[in-house]
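Hi! Here is the structure we talked about, handed over for you to explore.

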Amino acid sequence: MRDFSYVRADSIEAARKATALPGAMLLAGGTTLVDLAKCGVAQPETVVDITHLKGLDTISVDAGRATLGALAKMSHVADHAGIKSHFPAVSEALWQAASAQLRNMATVGGNLMQRTRCPYFRDPSNFSACNKREPGSGCSAIGGVTRGHAVLGTSQACIAMYPGDLATALVAFDATVHLGQRVLKVDDFFLLPGDTPEREHDIRAGEMITAIEIPGSAAARRSTYLKVRDRQSYEFAAASAAVGLELEADGRTIRDLRVALGGVATKPWRARAVEEALKGKVLDEDTVRKASGLAMEGAVDHGANHYKIELAPRVVARAILKLGETA
Amino acid sequence: MTVHNIRHANTRHADSRHGDASDGAVGGRLSRVDGPAKITGAAKYAFEQQLDGLAHAVMVEATIAAGTVRAIDTRAAETAPGVLLVLTPDTIMEIKGASDWLGNPPTQKTYSPLARTVTYSGQHIAAVVAETFEQAVAAAALVEVSYDETPAIVDLSDAKAGDGIPIDVMTKEWGDAEAAFAAAPVRICAAYNTQREYQAAMEPHGLIARWQGEELTIWEPSQWLDGMARTYAEWFGVPFENVRLVSPYIGGGFGSKALALAHSAVAAASAKMLGRPVKLVLTRPQNFTSYGGRAATRQTVTIGAGRDGKIQSIVHRGVNETAVDGMWVEPLASVTSIMYATPNFSSKQNVVRVNTVVPGAKRAPGENPSAFGIECAIDELAYEVGVDPLEIRLRNYAEQDPEAKKAWSTRQLREAFAAGAERFGWSKRSPKPRSMRDGHQLIGWGVAAGTYPVRRAYGEAIVRILADGSVEVESSSIDMGQGTYTILAQTAAETVGVPADDVVVKLGDSRFPRAGVAGGSRLAGVMTGAVYKAATSALDQFVGLAISDPRSPFHALQANTLVVANGRITAPRGDGPDVSIAELLASVGRDRIEATGDTMPANSSAEDRYKNYTTIATSVPHTEGDYSRHSWCAHFIEVRVDEDFGTVRVSRVVSALDSGRLYNPKLAESQWKGGIIMGIGQALLEEGIVDRRHGRIVNNNLADYLVPTNADIPDIEVISVGIPDLHSSVLGGKGVGELAIVGVAPAIANAVFHATGKRVRDLPITLEKLI
Ligand SMILES: Cc1cc2nc3c(=O)[nH]c(=O)nc-3n(C[C@H](O)[C@H](O)[C@H](O)COP(=O)(O)OP(=O)(O)OC[C@H]3O[C@@H](n4cnc5c(N)ncnc54)[C@H](O)[C@@H]3O)c2cc1C
Ligand code: SF4
């Protein structure tokens, strides 16, 4: 870790200004930033501490919407009664993320900004080629250890998987992220790697995340987050699905369906093909399993991550079926 | 040096639930006496020493797996802020070669802990010492290394690896195994693989080294103070007595902390070169490359049997990886050759050199992978002949050691099978694979046995009876969480006749009476024996004084002996004075009684003794004399496998274990459970993943190298079926720590087969192997 200067922001305005300083990085819970600084990936020149900003950690929920301040802790959001009743998928995604200690430190703003777990990205002294870290340097992962890499949304330049759970639930329910002046859909906030994998978010100098807003819906109220992994806890997803379901009055026909995938794509991945295929259909196991296969349209594997192509549709199907059972 | 005195752990007295006085005797369930110090943070670990003038060292590692270092450019690092010293193979002081852990003399006159020839990625090639840790890290990043790279052999499956080197001493043969196999009506043959695994102790490796003239003090977590002190003494050409190793607490070792390593030499050398104490703590990634984990292994197990499942022949071939510049043999037939009765047997083993750090000991080296082979293979045989997996084990029960052809000292394995099966409800098992389920979860029940030899060595201890009536024990042995402090307090308390609360145990300082390695589950047997002897002779002296000293209140009694119990001394029939130990010592004008005891053969020379404590050459073979001595266990495990996801969760474990007499059942149960948990990790999660182009482990951190979390572990029930085994140790215990991991992975693999009908022979059993 190299020396840096430390600034404690006393207002949102000051923090946003400070982000324009050369090599400036915001410090929230620090669970990503400190980790990446230790492995030599993050080399901030100025660390702008936003943890003392007042009012940025509020959580407000009603049937119409949830608003999460950027500094709200993962654990507080997960445990919030309103979130649990109106947005269970969001609460469950957070409960299954990281560990209790990390959730108590980490903020939801920082969570959206977490970086990939690609081991090559995280080890600059041994792997100099990484387009995400050093544009144009190549990609060490392609041809290497790829068990955890993405099968959707990849490019020639980068196949790194987006590892977060919260954002997967957010894109399912059309959440937006507030950046000061601009408000973006979370789906648009995250960028595909394309030729510029170093750009992961649509965020500009002088901007910071101030809040996340999730519109309420019947599908959000009847929602779940299913996360599959080798270890029961404290591991990123092998594949996960955030699913919300609304049935017609007959209790069997699907009126609205939201499906997003985690653990398999380069960004939180909305699976609209699955949604469209099932809307208006009667919910039954065969139909659901068949339609869930559409989630993998366009998937490309790199050897060891092939299993994700098999696994993800099953996760989607099981999540939908589970919601179908809970009348 | 650390002191554990239960009297100061005031929580004990506040807690009414702490059991009765018998907890403090040998065999009692006394809680860990070092527990309160650890929980309150009072326990000071090696890296927490505060020393004046402490400088900080960090290592620079090779980023290639094979080749030579062409040049190291240290100019930028040398001028970086705070830098005191930059060490390369050219600038580090001369260090002498040291003998190995068996005591074999060094092959080279000098030893360079910094490599010019690189044989694995992560090998140490330079070091930076600075005023602060952060300055050292920053400067280390400025060291520029250029290499001439050569092709590396990355692992056992590398095409360049070849068949390896035959290890003839591993060959075991009786009968005619090949012919008997060819003639057998039922034949099975399969290959089983275990991966590179790491000890992953919470506390990383590292040390603080301080020179005062020619005297070296090292604070370093250590499973073997005297062995490591010898290495330092030889490296730096000073007398053994000049090196003091201090290691009162160890944050997990699991076999990895018994040797002084390259980084240890660098820290001690830089302290000497600078004339300042130096601290060096390896980063988590460096903990995956600075010393070896368990070697990856491959085995084929071939069994020829009758239609009744009775084994007629076992042919076993094994391979383990070792380093290009170091030899590690993981004895792969150690369980294969003794678990089942067979008239014909053949086993051979090779090792294959690959570009890795020398593999090392991880819980039950040898027995652990060995059991994975034979205990899966016999399960396959059970299905082949249609016999229950438990029944087939009983049908092939070895009534004596099939290899040594000697009687077992004790073997409560049949009792273990019976007790485990009963508690588990094995009789309710539906025999067909894939025949038990709960919703989407396929349920499987598996069984496997395990064993570990009783390794014996000698130890030394001092026991003092002090003026205040308390008893003090000193030994250079260690407690890495297994409970040495506690059981030695119990041993001294019972032997002298005082409450355990009145015993102070001091461990972890090489100035104390000596002890061999804490490895191979030998320490408890060795040290309870030594303390028992020292305490007995202290007691004899004490009673002798009470009888014979004219100032003693017992003098007039003219008794032959006296009773010491609960801190008081009385006549055998209670017809005389009743005084406390303190009062008696006061009456005879003594401030202490002190006795040293050891378990070495009488008339051992000073040289024998030195060798015993500083090498492992003198451990006593487990088949010495008329008996073959082993601990035994049987694991019954239930798994749930998700039919869609292939995820395996262990939902129930019942294990019955024979460790002989338990000095403290509570601590033994904890160790068994720890072994079982580690076995669950090995079966389902743990695997060092190598980038085959770079020969480098890429999951070298605790987020990516997965060990089980609490959520992965169900309630584990352990049952002791042991009986005292006086052929194994002075007080009748066998081994505890290594045993319980042996057999867990095959029990899980067997359960997974029962659940799914899929035989996974390649650990770990990750989800993609089942979907
Ligand atoms: C071992 C481990 C396991 C984990 N497992 C999971 C998991 O299973 N699932 C999961 O979802 N996550 C997981 N995480 C990631 C964890 O959730 C994130 O590290 C955490 O949410 C980041 O939040 P923070 O407040 O600590 O961010 P920080 O580390 O403070 O910041 C992270 C990044 O965001 C930037 N930033 C912070 N706040 C703002 C803001 N308001 N506006 C703009 N930029 C900002 C910072 O500059 C920095 O670049 C894991 C992390 C670790 C270390
Ligand atoms: S996958 Fe992306 S992050 Fe990983 S090495 Fe390639 S470019 Fe870098």
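**What I found**

Let's start with a pocket: the lining of the second largest pocket has 18 nonpolar, eleven polar and 15 charged residues. Here Ala, Val, Leu, Ile, Met, Phe, Trp, Tyr, Cys and Pro count as nonpolar, Asp, Glu, Lys and Arg as charged, and the others, Gly among them, as polar.

Some housekeeping: this is a predicted model, where local features need pLDDT of at least 70 and side-chain atom pairs count only at pLDDT 80 or more, while totals for chains, interfaces and linings use all residues. Residues are numbered from 1 along each chain as its sequence is written, chains are lettered from A and ligands numbered from 1 in the order in which they are written, and side-chain values use heavy atoms, with hydrogens and water left out.

Back to that pocket: its space comes to about 1,100 Å³. Among its 44 lining residues, Val145(A), Arg147(A), Glu687(B), Ile689(B) and Asn699(B) are the closest to its centre. (On a 1 Å grid over the protein atoms alone, a pocket is an open set of points where a 1.4 Å probe fits, with protein on both sides within 12 Å along at least five of seven lines; lining residues have an atom within 4 Å of a point. The volume is the space filled by probe spheres set on the points, which are joined across faces, edges and corners.)

Next, ligand 2. It has 13 residues around it, and Cys118(A), Cys130(A), Cys139(A), Cys158(A) and Ile159(A) come nearest (near means a heavy atom within 4 Å). By class, that shell has ten nonpolar, two polar and one charged residues.

Now find Arg696(B), in strand 32 (residues 696-697) of chain B; strands are DSSP runs of E, at least two residues, and helices runs of H or I, at least four, numbered from the N terminus. Arg696(B) counts as buried because its relative accessibility is 3% (buried is under 20% relative accessible area, exposed over 50%, partly exposed in between, with a 1.4 Å probe and protein chains only). Residues it touches include Asp123(A), Phe127(A) and Glu61(B), not counting those up to four places away in sequence (contact means heavy atoms within 4.5 Å).

Finally, the whole structure has 21 aromatic pairs over all chains. Rings of Phe, Tyr and Trp (its six-membered ring) pair if their centres lie within 6.5 Å; planes under 30 degrees apart are stacked, over 60 edge-to-face and the rest tilted. Tyr198(B) and Tyr705(B) are an edge-to-face pair, 5.5 Å centre to centre with 85° between the planes. Both are buried.
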